[in-house]
Amino acid sequence: MTTTAHLSDTTTLLGRSLRHISRSPDTIITTAITPIAMLLLFVYVLGGSISVGQESYVNYLLPGILLITIASGISYTAFRLFTDVSTGLFERLQSMPITRSAVLWGHVLTSLVANAVSLVLVVLVGLLMGFRSGAGVVAWLGVVGLLALFTLALTWLAVIPGLTATSIDGVSGFSYPLIFLPFVSSAFVPTDGMPTAVGWFAEHQPVTSIVNTLRNLLAEQPVGDDGWIALAWCVGLLLVAYALAMRTYRRRIS
Amino acid sequence: MTTSPPLTATAIAVAGLTKSYGDQRVLDGVDLTVRSGSIHALLGSNGAGKTTVVRILSTLLKADGGTATVAGHDVATQPAEVRAAISLTGQFAAVDDILTGRENLVLIAKLRHVDDPRGVADQLLTRFDLVDAADRRAATYSGGMRRRLDIAMSLIGDPSVLFLDEPTTGLDPQARLEVWRTIAELAAGGTTVLLTTQYLDEAEHLADRIAILHGGRIIADGTFADLQALLPPTEVEYVEKKPTLEDVFLALVRHEQ
């Protein structure tokens, strides 16, 4: 099958799931609402007792909240894929003369769009709460690129339960650990106040380097090694998730 | 695009097809020939392997052994050509609930790369009596309407072979009759239909030929009259009454066990 056919099939299927989203905007709102609630809770209730140095706490917190938004947003990819599989639509598409992986790509690209909208909502609330950044175009491009990469990696991860889950509970359950990962990182509080073992874990898990990179990009600070580590984590996660998802997919269709 | 299959009266040819799931041998050497333009029913109890056969023939599942060609193409080595020639209507009406009936048709038409997707959708909406419901979401459709939409979606791109896997399961009697009428019209138009069903009257009513799948093999295959002739008259208690397909089916299945 040619590349043009692949592109056109993917675009058709992307259009289809974007239409799903436009008809159920609640999926975007529920994705954004929990992170926004956390933002409000931490900034206005707990933030007063958290010391993060010179920065305002909302500036400190927003990058981590953005990652939580993505972690909760990708569960809808699993949900939509699961729905296609359980209604038989997935098999119908697989029995048609189309580029077969276009079915997955349609959902993955939809995830990028839906998460982008949720992220914009969260950032807007952040702005209302006093979030400010003097970052230039290049730094913002870095922020957007890293968030897109993180979304892509987690979305391919979400493809796996979407294809294999046997119940709707199984589909949504997988994202809880992902949502909690930022709590044991530098997202909410600096890691140096944590007990040694926890602090070590927090320092070496992917969220901390990604959060630190985003934070430094937005604060016009040098990114340092964290940037490379964050990039390595995102690309590594993406490659592993993609390989696992494709393996699951190939098993599903043969 | 694809080369046309050699001129032959055979739409589906299956020989020695086997498939196991773990220790369980679901298909144990299935042989089946379906003539072009006919309705062939594959009859069997639940779990007899009807869906497995259909999934192998529609390239969704690989067989362990044996050969199968559909529209002149080998399902194992030329799956893309097979997919271009077939359509599958699965056990449950596989429509997109969030899209309208029209959008469902346009979606499939675009994926099949037909020339005028909207025009094709309009034609099918008229043909399947769905014009009034065209712009309502499929989620609001009745069971019969869903199935009609489902079958309409399968016809886009003029497939020469149509697989219908238990097309009337879960439908009320009226919707069942509607679907029967649709299938009969399709076959009259030259489409080959392989129909699986567990309803004996459905096979009796619709099919040109009936194959009975039992214990992983085809234990009988022929016209309804052929199958009736399989029962020795001495075993028939009421000689003036012809055996129904149900009598034949149950006798054959019992005989095998």
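Ala71(B) sits in the loop that joins strand 4 (65–70) to strand 5 (73–74) of chain B, where helices (H or I, at least four residues) and strands (E, at least two) are DSSP runs numbered from the N terminus. Its phi is near 50°, a positive value in a residue other than glycine, and Ala71(B) is buried, with a relative accessible area of 10%; buried means under 20% relative accessible area, exposed over 50%, and partly exposed in between, with a 1.4 Å probe and protein chains only. Most residues other than glycine have a negative phi.

Before I go on, this is a predicted model, in which local features need pLDDT of at least 70 and side-chain atom pairs count only at pLDDT 80 or more, while totals for chains, interfaces and linings use all residues. Residues are numbered from 1 along each chain as its sequence is written, chains are lettered from A and ligands numbered from 1 in the order in which they are written, and side-chain values use heavy atoms, with hydrogens and water left out.

His113(B), also not a glycine, has a positive phi of about 55°; it lies in the loop between helix 3 (101–111) and helix 4 (117–127) of chain B, and is partly exposed, at a relative accessible area of 41%.
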